[in-house]
Amino acid sequence: MTSYVLTTHVDATPEVTFDLWTDIGRMAEWVRGATKVSEPDGPIDLAGTRYAAWFGGMRSDTMVIEAERPRVFATRFGSRILRGTNRATFEPDATGTRLTQAFQTDGVVAAFFAWVFGHGSYRGSFRGELEAFAQLAARESQGGVR
């Protein structure tokens with residue numbers, strides 16, 4: 001199992017940050033390579049809800065495993081190359097939200113791809129996607145247009 005924990009500041013309240021994070025239809029705006037997301041089979045903030053995200057032709061089945069609005073959102077995901085869990089916490093800080101994202105991947109192949117995505121801050125890396133999300137949330141919180 002490979003683990004990565006990343007933290008960033010978001011210039012938006014935890015409520016705004018959580019709502020955008022769980023708006024899975026908009027995932028492609030900050031997750032590089034995401035091309036489509038299915039409709040969830042239940043409320044997105046309810047453990048047990050399932051949906052699928054596509055990265056090109058590769059499907060990643062996803063299940064919500066923990067959700068407590070606006071504090072935590074966790075999923076278990078899996079595709080041919082990357083599977084594991086993703087847990088995000090949203091904590092108020094002096095000027096917005098401290099967003100912490102923890103990835104744990106399962107398996108050797110997933111560990112290799114997690115290592116690739118876990119290093120650096122390029123747009124497709126875990127850090128790059130987290131920073132792209134923070135910028136989007138800040139713009140929207142300040143009344144920016146998407």
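# Briefing: an open sheet with an aromatic cluster

Strands β6 and β7 run antiparallel and are joined by ten bridges. They belong to a predicted model, in which local features need pLDDT of at least 70, side-chain atom pairs count only at pLDDT 80 or more, and totals for chains, interfaces and linings use all residues. Residues are numbered from 1 along each chain as its sequence is written, and side-chain values use heavy atoms, with hydrogens and water left out.

**Overall composition**

- The chain contains three helices and seven strands; helices (H or I, at least four residues) and strands (E, at least two) are DSSP runs, numbered from the N terminus.
- Starting at the N terminus, the order of elements is β-α-β-β-β-β-β-β-α-α.
- The chain has 146 residues, of which 43% count as buried; buried means under 20% relative accessible area, exposed means over 50%, and partly exposed lies in between (1.4 Å probe, protein chains only).
- Of the contacts between residues at least 6 apart in sequence, 45% join residues at least 24 apart; contact means heavy atoms within 4.5 Å.

**The sheet**

- Strands of a sheet pair through backbone hydrogen bonds, either parallel or antiparallel.
- Here seven strands form an open sheet in the order β1-β7-β6-β5-β4-β3-β2, with antiparallel pairing; two strands pair if DSSP finds at least two bridges between them.
- β1 and β2 (34–37) stand at the edges with a single partner strand each, so one side of each has no neighbour in the sheet.
- On average, neighbouring strands of this sheet are turned by 25° against each other, direction ignored; axes are lines fitted to C-alpha atoms, for helices over the stretch in contact, and angles run from 0 to 180 degrees between N-to-C directions.
- Nine bridges connect β1 with its antiparallel partner β7 (residues 96–105), and serine 3 stands opposite glutamine 104 in β7.
- Threonine 89 stands opposite threonine 100 in β7.
- Strand β1 (residues 2–10) has a covered face made of Thr2, Tyr4, Leu6, Thr8 and Val10, while Ser3, Val5, Thr7 and His9 make up the uncovered one.
- Helix α1 lies across β1, β4 (58–68), β5 (72–78), β6 and β7, and runs at about 160° to β6.

**Aromatic rings**

- Rings of Phe, Tyr and Trp (its six-membered ring) pair if their centres lie within 6.5 Å; planes under 30 degrees apart count as stacked, over 60 as edge-to-face and the rest as tilted.
- By this rule there are six aromatic pairs.
- One of them joins phenylalanine 18 and phenylalanine 90 edge-to-face, at 5.4 Å centre to centre and 75° between the planes.
- This pair links distant parts of the chain, since phenylalanine 18 in helix α1 (residues 14–21) and phenylalanine 90 in strand β6 (residues 83–93) are 72 residues apart.
- Phenylalanine 18 and phenylalanine 90 are both buried.
- Tryptophan 21 and tryptophan 30 form a stacked pair, because their ring centres are 6.3 Å apart and their planes lie at 25°; both residues are buried.
- Ring pairs join Phe18, Trp21, Trp30, Phe73, Phe90 and Phe133 into a cluster.

**Around serine 38**

- Serine 38 lies in the loop between β2 and β3 (50–55), and is partly exposed, with a relative accessible area of 23%.
- Not counting residues up to four places away in sequence, serine 38 touches Ile24, Tyr51, Ala52 and Trp54.
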